[in-house]
Amino acid sequence: MKFLLLLLLLSFDLLAAPGLDAVTVTANEAGGQTYTLSIQILLFMTALSLLPGALMMMTSFARIIIVLAILRQALGTQSTPNNQILVGLALFLTFFIMAPVFDEINSSALKPYLNEQITAGEALELATDPIKKFMLAQTRENDLAMFARIGNFDDMQTSDDVPMTLLMPAFATSELKTGFQIGFILFIPFLVIDMVVASVLMSMGMMMLSPMIISLPFKIMLFVLIDGWALVFGTLAASFY
């Protein structure tokens, strides 16, 4: 994440410089280096290509999309809602959950940097802190300890000492676990309906009729009557805070 933020900040900073030849690097008055427009665009496009991966694996997106996919499988509605709708729902809910983090990044890092009050390096550090706090709050200690043992990170005394290279895989692992746990709990009521319908059909001797055809309207009716979408979204949002 630090690398991605550094590329974005560096590209924004370099876009203000004049572009000359393709690969020209010149020294500026502050003792730094100014890159040409071609290199600036290359850095900016590289940062943009890494942004979707950071959005999926360093925010609440992974947990939400896992739960929604398992819920659709439990309902047995095949491709309804389709993948585009699920991704859109997960994306909007991610923006809602991550809004406090993004607001803190905007106020503490982005605005001072755009106003030229701090340097790109200082803005990078300030922008990393809110994301790191969010990820640490959602990461299990045993997952963090496992990756710390594998990577030989033995000099950590407090949470501030945890590097992003260690936190990112631990956070992703914890999110996968939590997403499947919530999905398992959601799956149980619909599994009970499938079992009851299958038992009734077998007792009636209707073995050639698929239980899924009969149980589907009952599962949809149950989900609608209990206001399932509101419960699922509310539970997902509350699970982060």
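The following conversation walks through a predicted model of one protein chain.

Student: What helices and strands does the protein chain have?

Tutor: This is a predicted model, and its protein chain has 9 helices and 2 strands. Read along the sequence, the pattern is α-β-β-α-α-α-α-α-α-α-α.

Student: How many residues are there in the protein chain, and what percentage count as buried?

Tutor: The protein chain has 241 residues, of which 36% count as buried.

Student: And the contacts, what share join residues at least 24 apart?

Tutor: Taking contacts between residues at least 6 apart in sequence, 66% join residues at least 24 apart.

Student: Let us turn to charges. How many salt bridges does the structure hold?

Tutor: There are 3 salt bridges in the structure. As a general point, side chains of opposite charge can pair when their charged atoms come close.

Student: Which residue forms a salt bridge with Arg-63?

Tutor: The partner of Arg-63 is Glu-175, and their closest N and O atoms are 2.6 Å apart. Arg-63 belongs to helix 3 (residues 61-75) and Glu-175 to helix 7 (residues 164-203), so this pair ties together parts that are 112 residues apart in sequence.

Student: Is Arg-63 buried or exposed? And Glu-175, buried or exposed?

Tutor: Arg-63 counts as buried because its relative accessibility is 2%, where the cut-off for buried is under 20%. Glu-175 counts as buried too, at 1% relative accessibility.

Student: What else is Glu-175 in contact with?

Tutor: Leaving aside neighbours within four places in sequence, Glu-175 is in contact with Thr-59, Ser-60, Arg-63, Gln-138 and Phe-240.

Student: Which residue forms a salt bridge with Asp-143?

Tutor: Asp-143 pairs with Lys-177, with the closest N and O atoms 2.8 Å apart. Asp-143 sits in helix 6 (residues 141-151) and Lys-177 in helix 7, so the pair ties together parts that are 34 residues apart in sequence.

Student: Asp-143, buried or exposed? And how does Lys-177 count?

Tutor: Asp-143 is buried, with a relative accessible area of 2%. Lys-177 counts as partly exposed, at 36% relative accessibility.

Student: Which residue does Lys-219 meet in a salt bridge?

Tutor: The side chain of Lys-219 meets that of Asp-194, at 3.3 Å from N to O. This pair links distant parts of the chain, with Lys-219 in helix 8 (residues 211-225) and Asp-194 in helix 7, 25 residues apart. Both Lys-219 and Asp-194 are buried.

Student: How do helix 3 and helix 7 pack?

Tutor: They pack at an angle of about 20°, and their axes are 8 Å apart. That angle makes helix 3 roughly parallel to helix 7, because angles under 35 degrees count as roughly parallel. Helix 3 passes helix 7 in a right-handed crossing.

Student: Which residues meet there?

Tutor: From helix 3 they include Arg-63, Ile-66, Val-67 and Ile-70, and from helix 7 they include Glu-175, Leu-176, Gly-179 and Gly-183.

Student: Where is Gly-183, and what does Gly-183 touch?

Tutor: Gly-183 is in helix 7 and counts as buried, at 0% relative accessibility. Not counting residues up to four places away in sequence, Gly-183 touches Val-67 and Ile-70. Gly-183 and Leu-71 are 112 residues apart in sequence and 6.6 Å apart in space, C-alpha to C-alpha.

Student: What about Ser-174, where is that found?

Tutor: Ser-174 is also a helix 7 residue, and at 0% relative accessibility it counts as buried. With its neighbours within four places in sequence left aside, Ser-174 is in contact with Gln-138, Thr-139, Arg-140 and Asp-143. Asp-143 is the residue that forms a salt bridge with Lys-177.

Student: Changing topic: which residues in the largest nonpolar core touch the most other members?

Tutor: That core has 36 residues, and those touching the most other members are Ile-64, Phe-134, Met-135, Val-232 and Leu-236. Helix 3, helix 4 (83-114), helix 5 (120-138), helix 6, helix 7 and helix 9 (228-238) each supply at least two residues of this core.

Student: Which helix does the largest share come from?

Tutor: The largest share comes from helix 4, with 8 residues.

Student: And what does Ile-64 touch?

Tutor: Ile-64 touches Ala-90, Leu-93, Thr-94, Ile-97 and Leu-236, not counting residues up to four places away in sequence.

Notes
Residues numbered from 1 in each chain as written. Predicted model: local features only at pLDDT ≥ 70, side-chain atom pairs only at ≥ 80, totals over all residues. Heavy atoms only, no water. Salt bridge = Lys/Arg side-chain N within 4 Å of Asp/Glu carboxyl O. Helix = DSSP H or I, 4+ residues; strand = E, 2+ residues; numbered from the N terminus. Buried < 20%, exposed > 50% of the residue type's maximum accessible area, 1.4 Å probe, protein only. Core = buried A, V, L, I, M, F, W, Y, C linked by side-chain atoms within 4.5 Å. Contact = heavy atoms within 4.5 Å. Axes fitted to C-alpha atoms, helices over the stretch in contact; angles between N-to-C directions. Parallel < 35°, antiparallel > 145°, perpendicular 65-115°, else oblique. Left-handed = near helix turned anticlockwise from the far one by under 90°.
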